[in-house]
Structures are given as C-alpha cells and as structure tokens.
Amino acid sequence: MESNSANNTVVKLSNENEIAVLELDDGKANALNHDVIASLIEKLDEVEDSGAVVITGRPERFSAGFDLAVMKSGEGPAREMLRSGVELFLRCYSFPRPVIAACNGHALAAGAILLMSCDLRIGTKGEFKIGLPELAIGMSLPLFATELAKDRISKRHFTKATALGSTFNPEEACDAGFLDEIVNENELLSTALDRAESLKAIGKTQLSLTRSTTRGETIRKIRDTLEDDLSRFVVKQ
C-alpha cells in the first residue's frame, strides 16, 4: 500500500474503436484513495455501453493498493475507503461489458483485488510482485478479498495467496490465477486491445444474465457480509 494525493484527473478515459480505456497514472504507485476510486466508478458508469473496457496503469505500476495515508488516519476513514473499494471491485466484477486489465507491473493488495475483479488479465514480463501481502505485513485479509480469490485463484495456490500472504512474479501469477497471460511491456496495451476487440460481440443482456448466474452468489455474499467484514478489519498503525 502506498500514499498519494491523487484526484480525479489521475484517471484518464480514451476510446479505441468502441473500446474504453481507463488509464490510472498518479506518477507514483497508483494508490487507490477516495478520489481515485470515485473517478474509476464514475468513468465505468460513463462507458457502460462500450464494446469492452480496458483498465491499465502506468509503467511498472498497475496499483500498489489502498492509499496508506488514509489507512493510517484511523479505522473510520480506512473502513470508508474499503467500503468504496468494494463498490469498485463489484462494479468491475458485475460490469455488463467485458473488462480487461492491462497490468503494467506491480499489483499488490487492492491492486491484486482489482485484477481478480476483471474478466481477462494481461500482465507484463519483468521483476514485478503481484498478490495479497496483507497477512505478511500484519493485517487481516477481508472476506470480500477471499471470496473473490475463491472464484479467481487456483485451488493449488489459494492458501499460499491468502492465508500465507505470498506474492508472485508475473509467470507465477499466471499459474496462480491473478493473470491470464503475460507479454512484453511494449505489447501490453496492444494485446489488451486485441483481446477486447475479440470480446466486443458479446451481448450486453446476455453477459449481464450470465454475470448473475455465475457470480451472483459471490456478489450477494460480499454485500450481505460487508458491514460485519469491515467491523472486524483492524488497521495496523
């Protein structure tokens, strides 16, 4: 988790042949704070009728997780940020259009949860870390994270990725389930756009219905348990 003072301008929206590209770039670690989360959700609302969506970060940084400054400002602000983060994750997870993550490098904590919330995850080759290190740094892993991990992470790696707080390099992350494929850095966005192009024909209504049948139970459990989940979350000061 890293700290930044980002605002809505950190998230840039562009369009490539009916594919919406959301680029997160704060010039630092791409931490998720209230403004960045709100901006991402707002822009997802704007592009709901696109053919597909690509979410990407900055060179070597997809996202280092929730903003550390907010996390350390007290349990109240931290829990509010987590609540907003869950809305972002579930917005991606239930989005009516295909969502592709172009993971530029490191994706830790909430950055890795965002990856798990996307349909297809393209990673970059390199010495990068991807995973959920909360346990390794003395914090508990919220239920919403473990529920998404149950759906997206390989059973062979589930305990290592959650209870042991392990992180993975891009090749290992593919095997674990955080990523689906990895490419060279200069091929990342073009590959993500190619994958998005191939998915544009998926019908919005049909995808929404399929989201409900395949992910509805997980979404309901996360929403129904969220307040209890947040009340148990302890921030390491």
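What do the buried residues of α5 pack against? I started my notebook there. The model is predicted, and I kept that in mind throughout.

**Entry 1: helix α5**

I listed the partners: the buried residues of α5 pack against α3, α4, β9, α6 (158-161), α7 (170-176) and α9 (204-232). Next I wanted the buried residues themselves, and they are F144, A145, T146, E147, L148, A149 and R152. That makes 7 of the 10 residues of α5, so the helix is largely enclosed by the rest of the structure.

Then I picked D151, which also sits in α5, a helix that covers residues 143-152. Is D151 buried, partly exposed or exposed? I found a relative accessible area of 36%, so D151 is partly exposed. I skipped the neighbours within four places in sequence and looked for its other contacts, which are Y93 and R215. I also checked the distance to S117: the two residues are 34 apart in sequence, and their C-alpha atoms are 9.7 Å apart in space.

**Entry 2: α3 with α9**

Y93 turned up again when I moved on to α3. How do α3 and α9 run relative to each other? Their axes come within 11 Å and cross at roughly 180°. An angle over 145 degrees counts as roughly antiparallel, and α3 and α9 are therefore roughly antiparallel to each other.

I wrote down who meets whom. From α3 I have R79, L82, R83, V86, E87, L90 and Y93. From α9 I have R211, R215, T218, I219, I222, R223, L226, E227, L230 and S231. Sorted by class, this contact has 8 nonpolar, 2 polar and 7 charged residues.

**Entry 3: α3 with α4**

The axes of α3 and α4 come within 8 Å and cross at roughly 25°, so I put the pair down as roughly parallel. On the α3 side I see L88, F89, C92 and Y93, which meet A110, I113, L114, M116 and S117 of α4. What classes of residue make this contact? I get 8 nonpolar, 1 polar and no charged residues.

**Entry 4: α3 with α1**

One more partner for α3. Helix α1 (residues 34-46) packs on helix α3 (residues 75-93) at an angle of about 25°, and the axes are 10 Å apart. This pair is therefore roughly parallel too. I looked up the handedness of the crossing, and it is left-handed.

The residues of α1 in the contact are H34, I37, L40, I41, L44 and D45. The α3 side has P77, E80, M81, S84, G85, E87, L88, R91 and C92. By class I have 8 nonpolar, 3 polar and 4 charged.

On to helix α8, residues 188-199. Its 12 residues reach 17 Å from first C-alpha to last, close to the 16 Å expected at 1.5 Å a residue. Which residues of α8 are buried? I have L188, T191, A192, L193 and A196. Among the elements that cover them are strands β1 (11-16), β2 (19-24), β4 (52-56), β7 (99-103), β9 (120-124) and β12 (181-183).

I100 has a relative accessible area of 0%, so it is buried. Leaving out residues up to four places away in sequence, I100 touches A52, V53, V54, I55, L120, I122, A192, A196 and L199. With V53, which is 47 residues away along the chain, the C-alpha separation is 6.1 Å.

**Entry 5: two positive phi values**

N30 has a phi near 55° and lies in the loop between β2 and β3 (31-32). A109 also has a positive phi, about 55°, and is found in the loop between β8 (105-108) and α4 (110-117).

Are N30 and A109 buried or exposed? With 0% relative accessibility, N30 counts as buried. A109, at 3%, counts as buried as well.

How values were computed:
Residues are numbered from 1 along each chain as its sequence is written. This is a predicted model: local features need pLDDT of at least 70, side-chain atom pairs count only at pLDDT 80 or more; totals for chains, interfaces and linings use all residues. Side-chain values use heavy atoms; hydrogens and water are left out. Axes are lines fitted to C-alpha atoms, for helices over the stretch in contact, and angles run from 0 to 180 degrees between N-to-C directions. Helices (H or I, at least four residues) and strands (E, at least two) are DSSP runs, numbered from the N terminus. Angles under 35 degrees count as roughly parallel, over 145 as roughly antiparallel, 65 to 115 as roughly perpendicular and the rest as oblique. A crossing is left-handed if the near helix is turned anticlockwise from the far one by less than a right angle, and right-handed if clockwise. Contact means heavy atoms within 4.5 Å. Ala, Val, Leu, Ile, Met, Phe, Trp, Tyr, Cys and Pro count as nonpolar, Asp, Glu, Lys and Arg as charged, and the others, Gly among them, as polar. The expected span of a helix is 1.5 Å times one less than its number of residues. Buried means under 20% relative accessible area, exposed over 50%, partly exposed in between (1.4 Å probe, protein chains only).
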